[in-house]
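Me: I have a structure on screen and want to learn to read it feature by feature. Can you take me through it?

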Amino acid sequence: MNRLAVAAVAIAVIGAVTAPFLLKSFGIYLISMWAVLTVAAIGLNLTLGYAGQISLAQGAFVGIGAYCVGLLTPAGVPYFVAFACAGLLCFGIGWILGYPALRVQHHYLAFVTLAFTTLVFLVLRNEEWLTNGIYGINAIPRPTLLGWSANSALNFYFFSLGMLIAISLATWWLLRSPWGRAFAALRENPIRALSLGLDTRRYTLMAFAIGSSLGGLSGALYAPLVQFIEPSSFALGLSFNLLLMVIVGGSGFFFGPFVGALIAVLLPEWMRIAQGYYLIVYAAMVMMLMAFCPSGILGLIERAIKAAAARGSPAARELSAEEAGP
Amino acid sequence: MNAVLEVSKLRKTFGGITAVDGVSFEVRDGEILGIIGPNGSGKSTLFNCVLGQLRPSSGEVRVDGKPTTGMRPCDLNRLGVSRTFQLLQVFPQLSVRDNLILAGQEHQGSMVSRLFGRTDAGLGDAVGRMIAFFRLAHLADEPAGALSYGQQKLLDTAMAFMAGPRLVLLDEPAGGVNLTMLGDLRDRLQAYHAERSATFVVIEHQMEFVMALCTRVLVLAEGRIIAEGAPQDIRRNPTVIEAYLGH
C-alpha cells in the first residue's frame, strides 16, 4: 500500500474508534450492525468480486451462523467455540454449494443459490424442534473475553470492530497470496487457468467455502448483537442486501464491502428526514449509481483519481498505481 | 530417439461428424513438429483431445510412455505439457507480471504452502528473466488487456513456457500477428528451443513460418494424416497441394 492509501485507512480506523463516543445507543447499534454485516460482505466480495462466482446465498449463511450461536451458547457452549462452529459449518455447507458452480455460471448459478436461501429459510421456519420456528430464539447472551464483558452496547461495538479488523487482515493475507491471484484467474479466464495447471475445481469450491464461512462468522456476531433471531431476518432480502453492499461499494475492491455496508446500513436511516419517502429516495440513489458507475463507489473514486493523474498531479498518480481492482 | 508424446488411433466424433478420424503419430524428444492442414481438417480438435480439453471418442494418448487419455488439463500441465490457444487467452485485468506468476505458481509447492508462502510464489526472478527474454520489460506492470494483439501473443507464449515444460503445443501462434512481430516470435521460439532443448508441436496456417521453424511436418485433411516429412518435401507433395487447393 502506498502512503495515501495508508492515510485513508488510518483515518477510517480513527473514525471507527471515535464514532461511538459521539453517538447515542441507536447509533452505536447501527455501526455495530455495519461491522457485523461488513464481515458477510467481505465473504461475498471474495466469492463474487474476486473469484467471479455469483451467490445469492450469503444471507442464508449469516442465518446458519446466527442460529448456530443462538442454539449453542444458551446450551452452555462457550461463545468462541460456537463462533468457530459457525465458521466451520458454513465452510462445509459452502463447499457443497460450490458444486453447482462447477456446472453452471452467472444467472443460472444465481438461481441455484437463490433456491438454497429459500431452502434454509424454510428449514429455519418449519423445523420447530430445532429452531423454535417463527417464535425465534431470544435472550442470546453476549460474550465475555478473559473477564471483559461485551455486554454493553459500546463494548459490543468494540468487540465487533475487533473481529472485523482481525477477519479483514486474514482476508487481506489470503488475497495477497498466490490464492488471490488464482481466484482472479477463475474470474478472468477459467479455461486458460486450467491449462496452466490451476485446479479450477478445487479453487472454485474453496472460493465458495471461504466466502460462506465468513457469512457464518458474520451470523455468529449478528446473534449476540440483536440478541433475538427469527427466520425472516435471513430470507432472500438479506442476501440481496449483501449483494447490493458488494456491488455498490465496488465488487473486487478490497475496501468495497466496507463502503457498501456503510451505505446500505446508514443511508436508509439518514434518509428518514425524507419521512415516508426515504426508501424511495434510497432506491433511486442506488439505481442512479448502478446506471452511471457499475463498478461502485470505489470504482468511481478510482476513475476520479485516474482522471486527476492524467492532468498531471503527482500525488494522484501515486494513488492510481495502487488499488488494482478490476 | 524417445517419443515424448504418442498418439494412437485417436478418434473424435461430434454427433454424425468425425472431426478426427484415427490419427496416430509420435513426437520425438527435442523436435519441432508442425501440423498443417486446411480449415476444418481437425487440427484444433486433435490438440484439444491430446490436452484433455475434450475427451476423445476412442484412441490413446501417452506422455513419456504414461497413458494420459482423458486426464484433466491441469494434471497434464503438471506433467510438463503446456499449450497456447488459437484465440488469445490471457488474464486481461492482471498485470503482465501477474499473468506470468500465475502461469508458474501452481508448480510451486502445495496449495497450503502457497497460502502461507510468498506473494510471488518465489517466482520473482524467473518472471524477470521471462519478461526480459520476451522483451516485455517496459510493459511488466501494465494490465495484459492493454497490450497490442502481437504483444499479447508474445505474453501468451511466455506463459506457456513459465513452468519449464518439456512439451509445448502451440495452436496457431502466428495467427493475426504482423510480420515484424512474427519474426520476433519465431526468433524467441527458436532461442527457447535451443536453450532448453524443449519439444514443440505447432499448428499453423502461415506456411513460411512453419517451413522456417519446424523440423518435421504432418499434414492433416478431413481428420486424417495425408502426408508426413521434412518441410521442403511437404511443400512439393502433390497430395498436399491438392488438399490445400481443393478439387
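Me: What share of the contacts in chain B with a separation of 6 or more comes from residues 24 or more positions apart?

Reply: This is a predicted model, so keep that in mind throughout. In chain B, residues 24 or more positions apart make up 65% of the contacts with a separation of 6 or more.

Me: Which helices and strands does chain B have, by number?

Reply: Count each kind of element. Chain B has 10 helices and 10 strands.

Me: What radius of gyration does chain B have, and what would a compact globule have?

Reply: Set the value against a rule based on chain length. For 247 residues, a compact globule would come out near 18 Å. Chain B has 18 Å, so the two agree.

Me: Which residues of α11(A) are buried?

Reply: Look along the helix. The buried ones include Leu238(A), Leu242(A), Met245(A) and Gly249(A). Then ask what covers them. The cover includes α2, α3, α5, α12, α13 and α14 of chain A. Check the end of the helix too. Just after α11(A), Gly250(A) has a positive phi of about 130°.

Me: Is Leu298(A) buried or exposed?

Reply: Count its neighbours. The cut-off for buried is 20 or more other C-beta atoms within 10 Å. Leu298(A) has 24, so this residue counts as buried. Leu298(A) sits in helix α14 of chain A.

Me: How far apart are Leu298(A) and Tyr203(A), in sequence and in space?

Reply: Keep the two distances separate. Leu298(A) and Tyr203(A) are 95 residues apart in sequence. In space they are 26 Å apart, C-alpha to C-alpha.

Me: How many residues does each chain give to the contact between chains A and B?

Reply: Take each side in turn. Chain A gives 19 residues and chain B gives 23. On the side of chain A, α8 and α9 each give two or more residues. The largest share, six residues, comes from α8(A). By class, the side of chain A that touches chain B has nine nonpolar, five polar and five charged residues.

Note on methods. Residues are numbered from 1 along each chain as its sequence is written. Chains are lettered from A and ligands numbered from 1 in the order in which they are written. This is a predicted model: local features need pLDDT of at least 70, side-chain atom pairs count only at pLDDT 80 or more; totals for chains, interfaces and linings use all residues. A residue is buried if 20 or more other C-beta atoms lie within 10 Å of its own, exposed if 12 or fewer, and partly exposed in between; C-beta atoms are placed from the backbone. Helices (H or I, at least four residues) and strands (E, at least two) are DSSP runs, numbered from the N terminus. Two residues are in contact if their C-beta atoms, placed from the backbone, lie within 7 Å. The radius of gyration is taken over C-alpha atoms; the globule rule is 2.2 Å times the number of residues to the power 0.38. Ala, Val, Leu, Ile, Met, Phe, Trp, Tyr, Cys and Pro count as nonpolar, Asp, Glu, Lys and Arg as charged, and the others, Gly among them, as polar.
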